[in-house]
Amino acid sequence: MIYITGDTHGDETRLSQAVLKNLREGDTLIICGDFGFIWDNSKKEKKILKNLGSRKYNICFLDGAHENFELLNAYDQGNWNGGRVHHITGNLYHLTRGQVYNIQGATVFTLGGGESPDAEMRYGTETHSGGESLIHDRLPSQAELLEGANNIEKMGYSVDIIATHEPASKVKGLLKLGNLDSVRITALNSYLEELSRLCKYKKWYFGSMHMDKFVSKTQTAVFKNILEAESGNKI
């Protein structure tokens, strides 16, 4: 079975919940961006990653707006369930942008990346071990967006599940109705809006809004809840 949750931001308690003991061997937990456990390459961090990778179920995460992309992109790339991944360790994988995976019979399209709400303020101040800004890696490149479009076309514009960090532009606007000044629609949001128009899907989950909210029968903002991906029910 496939399960979905939102941004973990390196918070160990999020992946230590008792409910996760219900997941079985072969199950997959997808985290919709801002994984946050690959940040400083410390001994403690390596121990945490080894522990996560040793679980009986798969933990798969999208990248978000707050990642150490230098460390993340240094991992070897390979193929997992039909799509490209960074294999972190054991059963722990980074699902790369614009891929389609076949997970336990369900087709899952993924597109990580996003823009931090405080991107302009943080520019040049949020750094990784190399001392360079992370901003340029946050949003998908044109090549990644094109690859995603091509992969969706190969699927006949139909998948079971879409997992992204950012929502489509109309959904983002809807969720920000009470605070219109904070709405920042990027080219990525517009791309996802076009995706929602062209592609048939059963469920779409996104994590960047940091809320647990059913937007519609098919679209769900997920944060701390852990949901069954195909039904949308909380476990």
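Biologist: In what sense do E1 and strand E13 pair, and over how many bridges?

Modeller: This is a predicted model, and the answer rests on its bridges. In E13, the bridge partner of Ile4 is Leu227. E13 covers residues 227–228 and E1 covers residues 2–5. The two strands pair in the antiparallel sense, over two bridges.

Biologist: Which residue of E2 is the bridge partner of Ile2?

Modeller: E1 also pairs with E2, here in the parallel sense and over four bridges. Ile2 and Ile4 point one way from E1, with Tyr3 and Thr5 pointing the other way, and all are buried. The partner of Ile2 in E2 is Thr28.

Biologist: Between which elements does Asp34 lie, and is Asp34 buried or exposed?

Modeller: Asp34 is not a glycine, yet has a positive phi of about 45°. Its place is the loop between strand E2 (28–31) and H1. The cut-off for a buried residue is under 20% relative accessible area. At a relative accessible area of 2%, Asp34 is buried.

Biologist: His210 has a positive phi as well; what is its relative accessible area?

Modeller: The phi of His210 is about 55°, and this residue is not a glycine either. His210 belongs to the loop between E10 and E11. It counts as partly exposed, with a relative accessible area of 36%.

Biologist: Within what arc do the buried residues of H1 fall?

Modeller: In helix H1 (residues 43–53), the buried residues are Glu45, Ile48, Leu49, Leu52 and Gly53. They line one face of the helix, because seen down the axis of H1 they fall within an arc of 130°.

Biologist: Which residues are exposed on the other side of H1?

Modeller: The buried residues of H1 have cover that includes E3, helix H2 (69–72), strand E5 (83–89) and strand E6 (92–95). An α-helix has 3.6 residues a turn, so residues three or four places apart point the same way. The exposed residues on the other side of H1 are Lys43, Lys44, Lys47 and Lys50.

Biologist: Which residues is Asn58 in contact with, leaving aside its neighbours within four places in sequence?

Modeller: Asn58 is in strand E3 (residues 58–61). With a relative accessible area of 12%, Asn58 is buried. Its contacts beyond those neighbours are Gly26, Asp27, Thr28, Leu29, Trp80, Asn91 and Tyr93.

Biologist: Which strands stand at the edges of the open sheet of six strands?

Modeller: The order of that sheet is E7-E8-E9-E10-E12-E11, and the pairing is mixed. Each edge strand has a single partner strand, so one side of each is left without a neighbour in the sheet. The edge strands are E7 (99–103) and E11 (213–214).

Biologist: What is the bridge partner of Phe206 in E12?

Modeller: Strand E10 (residues 203–206) and strand E12 (residues 219–221) run parallel, joined by three bridges. Phe206 has as its bridge partner in E12 Ala221.

Biologist: At about what angle does helix H7 run to E8?

Modeller: H7 spans residues 187–198. The helix lies across strand E8 (106–111), strand E9 (161–164), E10 and E12. Its angle to E8 is about 155°.

Conventions:
Residues numbered from 1 in each chain as written. Predicted model: local features only at pLDDT ≥ 70, side-chain atom pairs only at ≥ 80, totals over all residues. Heavy atoms only, no water. Pairing = 2+ DSSP bridges. Contact = heavy atoms within 4.5 Å. Axes fitted to C-alpha atoms, helices over the stretch in contact; angles between N-to-C directions. Buried < 20%, exposed > 50% of the residue type's maximum accessible area, 1.4 Å probe, protein only. Arc of directions from axis to C-beta.
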